[in-house]
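Biologist: I am new to this structure. Could you walk me through how to read its features?

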Amino acid sequence: MKAAILLLFFIFPLFSYSAIYKCKIDGVLTFSHLPCSDNAEEITIKTARPGNSKANESGYVQNNDDIEAFIKTKKLNSQINESQNLIRTYKEKISIEINDLNKMSQATANNLQGANRSEAIAIQMQSVTSKYKSLINVEQTKIAQLISQKKYINHSDITVNQDANEFEQALTETDRFIRLRKINSDMVVHENKIKTFQNQMKKELKNLEKKSTDTANNIAGASLQSAIANQMNALAAKYNTLIEVEQLEISRLLDEKNTLL
């Protein structure tokens with residue numbers, strides 16, 4: 001049963017009958033708890049009283065299995081959001097820490113001592129990336145498991161009269177349309193983030209390549225170039241981690257979209 005229908009009955013827990021108005025607006029079948037046009041047709045959807053899980057011939061019945069499935073799904077969605085928020089936090093931290101280390105590296109002198117310092121900073125950058133990538137992977141695994149649990153939640157069958165069936169179908173189509181639009185919008189956001197990360201990576205790597213070229217004739221050139229190469233690898237690893245997160249989100253959205261089409 002759709003969440004929208006369940007929420008409707010939670011709003012009116014003390015009543016056995018809920019008034020719903022059916023009308024057509026610009027040729028589109030619409031349902032509302034208030035009259036939606038001058039020719040609105042009032043229909044009545046019967047809900048089950050507490051403890052009653054049997055369907056009535058002329059009405060709609062919500063049973064305990066439906067409510068339990070809704071509660072479980074809501075809890076799983078909350079847990080998914082928690083993991084997604086943690087991933088966002090890790091993404092912010094990895095960017096901040098790597099950028100700080102990169103600034104420290106840029107401030108080092110172009111001599112042997114500076115080369116040694118840059119090498120140490122490059123190792124720190126790689127360590128930071130590895131740490132947050134591991135933390136992100138843990139949350140990604142949790143999300144995959146939670147999504148899998150959502151797919152296997154069984155919803156109980158319902159019995160409805162003709163008006164109630166039209167009501168459920170209209171809500172289903174409306175929810176589907178709204179969700180598809182949200183999925184498409186979210187995919188564009190993730191795709192734009194990937195483009196931003198790719199452009200930032202190219203810019204930063206280009207700056208490091210220039211720095212490496214400028215140190216070629218320096219007495220400590222070989223050591224500096226080695227340190228810069230390690231920094232470039234660390235930066236590439238950071239951006240690849242951030243891009244992977246966005247790509248995985250796009251894959252999940254595509255999977256959900258395919259189930260709705």
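Modeller: One term before we start: contact means heavy atoms within 4.5 Å. Take I98 as a case. Leaving aside neighbours within four places in sequence, I98 is in contact with M125, V128, T129, L235 and K238. Keep in mind that this is a predicted model.

Biologist: Next, the overall layout. How many helices and strands are in the chain?
Modeller: The chain has 5 helices and 3 strands. Follow the sequence and the pattern is α-β-β-β-α-α-α-α.

Biologist: What share of the residues counts as buried?
Modeller: The figure is 36% of the 261 residues. For the surface, the chain exposes about 15,900 Å². Carbon and sulfur atoms supply 51% of that area.

Biologist: And how do I read the range of the contacts along the sequence?
Modeller: Take contacts between residues at least 6 apart in sequence. Of these, 74% join residues at least 24 apart.

Biologist: How should I think about a nonpolar core?
Modeller: The general idea comes first. In soluble globular proteins, nonpolar side chains tend to be buried together. In this model, the largest nonpolar core has 34 residues. I94, I98, M125, V128 and L235 touch the most other members.

Biologist: Which helices supply at least two residues of this core?
Modeller: They are α2 (64–106), α3 (112–151), α4 (162–214) and α5 (221–260). Helix α5 gives the most, with 11 residues. Now look back at I98: M125, V128 and L235 are among its contacts.

Biologist: Now the rings. How do I describe an aromatic pair?
Modeller: Two values do it: the distance of the ring centres and the angle of the planes. The structure holds 2 aromatic pairs. One is formed by Y90 and Y132, 6.1 Å centre to centre with 40 degrees between the planes, and is tilted.

Biologist: Are Y90 and Y132 buried or exposed?
Modeller: Y90 is buried, with a relative accessible area of 13%. Y132 is buried as well, at 5%. The cut-off for buried is under 20%.

Biologist: What about F197 and Y239?
Modeller: Their ring centres are 6.4 Å apart and their planes are at 45 degrees, so this pair is tilted. F197 is in helix α4 and Y239 in helix α5, 42 residues apart, so the pair links distant parts of the chain. Both F197 and Y239 are buried.

Biologist: Let me try a lysine. Is K91 buried or exposed?
Modeller: K91 is buried, with a relative accessible area of 11%. K91 lies in helix α2.

Biologist: With which side chain does the side chain of K91 make a polar contact?
Modeller: With that of E246, at 2.3 Å. Beyond four places in sequence, the contacts of K91 are I136, K193, L242, V245 and E246. The C-alpha atoms of K91 and K238 are separated by 9.2 Å, though these residues are 147 apart along the chain.

Biologist: Now some partly exposed cases. What is the relative accessible area of I147?
Modeller: I147 has 26%, and is partly exposed. This residue sits in helix α3. I147 is in contact with I80 and R252, setting aside neighbours within four places in sequence.

Biologist: Where is L254 placed?
Modeller: L254 is in helix α5. At 35% relative accessibility, L254 counts as partly exposed. The C-alpha atoms of L254 and M187 are 8.4 Å apart, and the two residues are 67 apart along the chain.

Methods: Residues are numbered from 1 along each chain as its sequence is written. This is a predicted model: local features need pLDDT of at least 70, side-chain atom pairs count only at pLDDT 80 or more; totals for chains, interfaces and linings use all residues. Side-chain values use heavy atoms; hydrogens and water are left out. A nonpolar core is a set of buried Ala, Val, Leu, Ile, Met, Phe, Trp, Tyr and Cys residues joined through side-chain atoms within 4.5 Å. Buried means under 20% relative accessible area, exposed over 50%, partly exposed in between (1.4 Å probe, protein chains only). Helices (H or I, at least four residues) and strands (E, at least two) are DSSP runs, numbered from the N terminus. Rings of Phe, Tyr and Trp (its six-membered ring) pair if their centres lie within 6.5 Å; planes under 30 degrees apart count as stacked, over 60 as edge-to-face and the rest as tilted. A polar contact is a pair of N or O atoms within 3.5 Å; within protein, one must be able to donate a hydrogen and the other to accept it, and residues adjacent in sequence count only if both atoms are side-chain atoms. Accessible areas come from the Shrake-Rupley method with a 1.4 Å probe; for residues, only the protein chains shown count as cover.
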